[in-house]
Amino acid sequence: NDGGTSARSNTYGEGYGLGVTIGYDALTVGAYVAERDNKNQNSTADVQDEFNGTWFANYSMGPVSIGYQKFYVDAGLTAATADNTTTNAKTVGTSSGHFEGDSMSIAFNVNDNMSISYAETEDTFDAGTSTTTSDVTQDSDSLQIAYSMGAMSIKAYSTSISNPNYDADAKELSVNEIALGMAF
């Protein structure tokens, strides 16, 4: 924009990303990769470039859709003490090590008004250090159902997550919800 100034970051440099999606008939496949320069001029910490990647496939046949995805995230950051234990929470993008996993889902449209779907994700945090065994796997399962009739809809889901935030000591997290919607 005229008169604007460009933003500059002392943490990140150039970044590149490439994605492609191809669809043919009932099949859709795609992939995405990105790399970004990490630079921290005020720190002596050894950082690497950030790298992220994913690929997916979706197939639809009549009222049924099936999907699968594989992903990898490495922020390129130096290992922090908290990241080297299995009992501390980790955050994708700010924790060292890398996160990788896969997801699958299936959806079934029973009729024009009702649908049921199930999704499952298993992803693992790997600290990347050879001195500790700190891999933690977070699993999540979710079942959803939706029904609509005219201006009214009712939706419900049940989700459970083991080792939330990649913390091996964390209690399993379960969330159940029913929502009623009406449009006037």
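Start with the whole chain: among contacts (heavy atoms within 4.5 Å) with a separation of 6 or more, 48% are between residues 24 or more positions apart. You're looking at a predicted model, where local features need pLDDT of at least 70, side-chain atom pairs count only at pLDDT 80 or more, and totals for chains, interfaces and linings use all residues. Numbering runs from 1 along each chain as its sequence is written, and side-chain values use heavy atoms, with hydrogens and water left out.

Now colour by secondary structure. You'll get 0 helices and 9 strands (DSSP runs numbered from the N terminus: helices are H or I with at least four residues, strands are E with at least two). Of the 184 residues, 19% are buried (under 20% relative accessible area; exposed is over 50%, partly exposed in between, 1.4 Å probe, protein chains only).

Next, select Thr159, in strand 8 (residues 152-162). Its side chain makes a polar contact with the side chain of Ser142 at 2.8 Å (a pair of N or O atoms within 3.5 Å; within protein, one must be able to donate a hydrogen and the other to accept it, and residues adjacent in sequence count only if both atoms are side-chain atoms). Beyond four places in sequence, Thr159 also touches residues including Asp141, Leu173 and Asn176.

Last stop: Asp112, in the loop between strand 5 (98-109) and strand 6 (114-126). Asp112 is exposed, at 79% relative accessible area. Pick Tyr147 too: the C-alpha atoms of Asp112 and Tyr147 are 9.0 Å apart, across 35 residues of sequence.
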